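Me: I am new to this structure and would like to get to know it step by step. Could you take a few questions from me once it is on screen?

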Amino acid sequence: MDCCFGGDANPEESEAKRQTARLDQSLKKQKEKDDEDIKLLLLGAGESGKSTIFKQMKIIHQTGYTEEERLGYKEVIHINIVQSMKWLINACRKLEIPINDSHQEIADRIAGAVFGNGYVLDPDVAADVKKLWTEDSGIASAFSRRSEFQLNDSSEYFFQAIDRMASPDYIPTEQDVLRARVRTTGIIEAEFDVNNYHFRMFDVGGQRNERRKWIHCFENVTAVMFCVGLSEYDQVLYEDENQNRMKESLLLFDEICNSRWFEKTSMILFLNKKDLFEEKISRVDLKVCFPDYTGGLDYKKGLMFIKNEFVKLNKSDTKQVYPHETCATDTSNVRFVFNAVKDIILQENLRGSGIL
């Protein structure tokens, strides 16, 4: 009778055990790495500027955008230009604002524009867009009422640069890339190192139908960076024209800030689009959104009121909300703010580890 005491009873089974051991070791190392990483989650309602902040991290903490990557945004920018003018033309018709008779044919052509794969802004279309933007009183009137309909914040920036952007040899600048609008779907991740710390940042779609995906990012989050569009207090959601954007942000922040997932998570509040807010509040009272506001057309008073509306939603006695005013398209501003945020996050992380 064969006896093999101390030997491998089954070579295949032994190899399977070794593979399992190697996998377990690999998973253990990955968990240790994940525990050491600083995980940042960018949240907020749609159009709040999350993706622009995300792009800034690539510019500030990675190598920026290569020429090839910037060329990849050319089609998006060209579509943004024509789509924005289409929205203005449609707004004129909806709001019964007359377009100049001599421009009706031009407006009809642009309103019927179709965007296929590889779309390039035709010089004739660019000339039509420029004529409407610079010469048509109806388009100017609709633009002055842009809070009453959906229009990209960067539309004016693109219209003013249309000659440069329509040229055959056009290569988008980093500022053009920051201004380009593509609605985020799913979850996008970026990694970068700062002061020997490894950061992982996650950007997620902000529209309501995207939020069910957020749960996949909620574990082991070091800090939530919540973006609010300051200037959106008189605008409605893209996906629900019966809901004010600022009110939606307040509801969402309340839910996120007080979620069981983030009981011990640092909460960074980015009060974004401060440049647009400063311009808007000089002519549109915050009362349109907050009837109890009494600060008038004053930037600092309006900013303080909105900041307090968000901060007071925090129900935790052990967690603090750290508000910062930002202009997501301004790289120097975002760099300055992120440096301050980074110090807060690292201190909180050390405190959570028992080192401080």
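Predicted model: local features only at pLDDT ≥ 70, side-chain atom pairs only at ≥ 80, totals over all residues.

Me: Is lysine 280 buried or exposed?
Reply: Lysine 280 is found in helix α12, residues 274-281. Buried means under 20% relative accessible area. Lysine 280 has a relative accessible area of 9%, so it is buried.

Me: Which backbone oxygen does the side chain of lysine 280 reach?
Reply: Two polar partners can be named for this side chain. One is glutamine 235, whose side chain is joined to that of lysine 280 by a polar contact of 3.3 Å. The other is a backbone oxygen at 2.8 Å, and it belongs to serine 231.

Me: How many charged residues are in the lining of the largest cavity?
Reply: A search of the whole structure finds 1 cavity of 30 Å³ or more, and the largest cavity holds about 30 Å³ of space. Lysine 280 turns up here again, lining the largest cavity together with Ser144, Arg145, Arg146, Ser147, Asp234 and Arg283. By class, this lining has no nonpolar residues, 2 polar ones and, for the charged class, 5.

Me: Which element gives the largest share of the lining of the largest pocket?
Reply: About 790 Å³ of space lies in the largest pocket. Of the 46 residues lining this pocket, Ser51, Thr52, Leu178, Ala180 and Arg181 are the closest to its centre. The elements that give two or more residues to the lining are α2 (50-61), α10 (174-179), β2 (187-194), β3 (197-204) and α12. The largest share, 7 residues, comes from α2.

Me: How many nonpolar residues does the lining of the largest pocket have?
Reply: The lining of the largest pocket can be sorted by class. There are 12 charged residues and 16 polar ones. The nonpolar count is 18.

Me: Why is strand β5 largely enclosed by the rest of the structure?
Reply: Look at where its side chains point: Ser266, Ile268, Phe270 and Asn272 go one way, Met267, Leu269 and Leu271 go the other way, and all are buried. Strand β5 covers residues 266-272, and it is largely enclosed because the number of its residues that are buried is 7 of the 7.

Me: Which residue in β6 is the bridge partner of phenylalanine 270?
Reply: Let's look at the strands that pair with β5. With strand β4 (residues 223-229), β5 pairs in the parallel sense over 7 bridges, and there valine 228 stands opposite leucine 271. With strand β6 (residues 321-325), β5 also pairs in the parallel sense, over 5 bridges. In β6, the partner of phenylalanine 270 is histidine 324.

Me: What is the phi of asparagine 196?
Reply: Most residues other than glycine have a negative phi. Asparagine 196, in the loop between β2 and β3, is exposed at 83% relative accessibility. Although it is not a glycine, asparagine 196 has a positive phi, of about 70°.

Me: Where does glutamate 96 lie?
Reply: Glutamate 96 is not a glycine either, and it has a positive phi of about 60°. With a relative accessible area of 72%, glutamate 96 is exposed. Its place is the loop between α4 (74-94) and α5 (104-111).

Terms used:
Residues numbered from 1 in each chain as written. Heavy atoms only, no water. 1 Å grid on protein atoms, 1.4 Å probe; cavity = no way out; pocket = protein on both sides within 12 Å on 5 of 7 lines; lining within 4 Å. Points joined across faces, edges and corners; volume = space filled by probe spheres on them. Nonpolar A, V, L, I, M, F, W, Y, C, P; charged D, E, K, R; others polar. Buried < 20%, exposed > 50% of the residue type's maximum accessible area, 1.4 Å probe, protein only. Helix = DSSP H or I, 4+ residues; strand = E, 2+ residues; numbered from the N terminus. Pairing = 2+ DSSP bridges. Polar contact = N/O pair within 3.5 Å; in protein donor to acceptor, adjacent residues only side chain to side chain.
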